[in-house]
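Me: I am new to this structure. Could you take me through a few of its features, one question at a time?

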Amino acid sequence: MQRSTQNTTETTAAADLTELDAVNDAFEVAGRSFGSRLILGTGGATSLSTLEQALALSGTELTTVSIRHYSAGGSASVYELLQRHGIAALPNTAGCFTARDAILTAHLAREALETNWVKLEVIADEHTLLPDPLELFAAAEQLVADGFEVFAYTNDDPALAARLQDAGVAAVMPAGAPIGSGLGILNPHNIATIVSRATVPVILDAGVGTASDAAKAMELGCDAVLLASAVTRAHNAPLMAAAMRDAVRAGRAARLAGRIPVRDTALASSPGEGMMQALIGDFS
Amino acid sequence: MPSLHVAIIGAGIIGLSTAFELRSRGCEVTVIDPDPGQGASRAAAGMLAPAAETTWGHGILHELLGASNQAYPDFVQRIEQATGRRPDYLQNATLVVAAEPADRDALHELVQLQTSLGFSAQTLLPSAARRLEPALASNIAGAVRCAGDHQIDPRSVVAILAGHLDAQLVREPAVELLQRAGTTHAVRTGSGRIIEADQVVLAAGLGTVAGTPELPLRPVYGDIFRLQGPAGPRLLTHTVRGIVRRDPVYLVPRADGSLVLGASSREDGNEAVNIGQMHKLLDNARRLVPGIVDCSLNEVIARARPGTPDDRPLIGRLDDGMVLSTGYSRHGVLLTPFGSSLTADLVLSQPPHAEHARAVDPARFSGGSAPDPAGLSRAEPSRTDPSRLAPTRMELHP
């Protein structure tokens, strides 16, 4: 798979981008193209109405729903809400602790929602909610063989991310921090390493607490950000959704724009040296 | 002048209280339900906790909850006067307890909102909370006392009102609404009986009847335990609500020493009791009140709450012969005085509290756009346009 956002080529290619190009560049994943790089989750909203306003303001075009927590039927369900707003549903296997349960849940989702996309979560334990690497890999391998487009929620481990993409997943989704913790990106170096070696899109998933975390993920080179609690459990969920929308756009544009190197010492922003030489030249 | 005859479909706490209210205002009533009180009212714990129920982003709902809570003493007294029996209504306070520091922070942030809404909410040190309730765990992180948050046993209300209205109860399913020139005038029951009425009230929770429009309702299931407290002194005297690693749990101690432990909130479409939810509720309850392990199990059931997109009920006139009263979400018991009184106002064309009526008007969902968060953008209470809502053919209690 051709990757358009490799570290080195990215900034070179971006040199000629206008602001409009940078904001409008599409997010390509599993053969589909999205205008928004923000993927939302639905868990934790205080009401469906609040969730609806948040989704609308976020500009998201892809939203993940727990197939174990929301049955696919019903006219006033979360799925109907997504459909009404033209938002694609990405079913997830939240709440699964074994590869067996996750595989079964993915198949149920495919049947109920008629999509072969699945966000694969296989959780190690209730306390950390971190992915179980062994169960995750086993489930990913099987689901790829079963014809799924697997979005693999993984630890921020570059080795595991590489193994998953070799196994044929559609996207790797490293955790910034444990689900719901709001701790942000605990190991930016690992996220950057995963990005630098990626052959499939990298979606930062879990840990985002506030807008700057989402911007940071995009600055590190992630292709998209997935978050739920940071919006749904904010005091004003729709306002936080708008903040996330802007943060993801800002982070993406900053990534494409090419940031300045970090230095240990100051360098004046005005071109002082050049000016002095010009002045000296005039007087000599 | 002959009195107005009102047929009420649904004998849960809302339908029965509405029938009671209409009767006390001079109407003749018929209540239609194959199995009175066996829906969501059967499961509900009956917390009357507008302060503890406060969440961000719910706007005017909190005002409705607060108003209904204030109406409760009078509601209970009128039932007692009319029937000679008093519902199990306890004006004990509620303690909201946080398990971990992050839970406490979330709880304390809510206190500002609760206070700004006019509710009583007082932060307590864990030690102070444990002096009030010595059964609380030694490692709780924080607590808030809501003095105005009380409780009622909904089963006692249902039993008293169903007994009181026994002669008016038709124990059959309502299968179809009969309309003439767009106006509902009768209900057909499962046995084919036609019940003519001047007005029909649809208070069937999630149940719908042929001839009614499709409503923005979804089942939100709750699993709930009823426990027998250990022998000896009461385990708890306050209603204890908790947040344990962000999950809600509550323990409601009844006057007879029993306790209600609930409740989950799931939208998985499964009517049966869910083992995982039970496990989590027990685990979280034990985290806050370790002595819970000495209780014995009386009952565990699951029922569906009739959920709406904004968690506010759907109360409003659907046609000249019909008023809707459903969609009370997780607040059915607390909103019973409010809902039954407003529904009676609408049935009798008496002017309701205009702002409250707008907030619950079913027409707020028939516009096709995202609903207004505060529910205040509509100038006038309006009728649901049935042409915008597709008819369904579902039976009540299929």
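Me: Between which strands of chain A does the loop with G35(A) lie?
Reply: This is a predicted model. G35(A) sits in a loop of chain A. The strands on either side of that loop are β2 (32–34) and β3 (38–41).

Me: Which residues does G35(A) contact, leaving aside its neighbours within four places in sequence?
Reply: T60(A) is 25 residues from G35(A) in sequence, with 8.2 Å between the two C-alpha atoms. With neighbours within four places set aside, the contacts of G35(A) are A26(A) and E61(A).

Me: Which strands stand at the edges of the open sheet of three strands in chain B?
Reply: The order in this open sheet is β3-β8-β4 of chain B, and the pairing is antiparallel. Each edge strand has a single partner, so one side of each lacks a neighbour in the sheet. The edge strands of chain B are β3 (47–48) and β4 (89–90).

Me: Which residue of β8(B) stands opposite Y89(B)?
Reply: β4(B) and β8(B), residues 150–152, pair in the antiparallel sense. Two bridges make up that pairing. Opposite Y89(B) stands I152(B).

Me: How many residues of strand β11 of chain B are buried?
Reply: β11(B) spans residues 183–189. The strand is mostly covered. Of its seven residues, the number buried is five.

Me: Which residue takes a positive phi in the hairpin of β10(B) and β11(B)?
Reply: β10(B), residues 174–180, runs antiparallel to β11(B), and six bridges join them. L178(B) stands opposite A186(B) there. Two residues lie between the strands of the hairpin. The one with a positive phi near 50° is A181(B).

Me: Which turn residue has a positive phi in the hairpin of β11(B) and β12(B)?
Reply: Three bridges pair β11(B) with β12(B), residues 194–196, in the antiparallel sense. A186(B) stands opposite E196(B) in β12(B). Four residues lie between these two strands. The turn residue with a positive phi of about 90° is G192(B).

Me: Which helix of chain A gives the most to the side that touches chain B?
Reply: The contact takes 21 residues from chain A and 19 residues from chain B. On the side of chain A, five are nonpolar, 14 polar and two charged. Six residues come from the helix that gives the most, residues 48–58 of chain A: α3.

Conventions. Residues are numbered from 1 along each chain as its sequence is written. Chains are lettered from A and ligands numbered from 1 in the order in which they are written. This is a predicted model: local features need pLDDT of at least 70, side-chain atom pairs count only at pLDDT 80 or more; totals for chains, interfaces and linings use all residues. Two strands pair if DSSP finds at least two bridges between them. Two residues are in contact if their C-beta atoms, placed from the backbone, lie within 7 Å. Ala, Val, Leu, Ile, Met, Phe, Trp, Tyr, Cys and Pro count as nonpolar, Asp, Glu, Lys and Arg as charged, and the others, Gly among them, as polar. A residue is buried if 20 or more other C-beta atoms lie within 10 Å of its own, exposed if 12 or fewer, and partly exposed in between; C-beta atoms are placed from the backbone.
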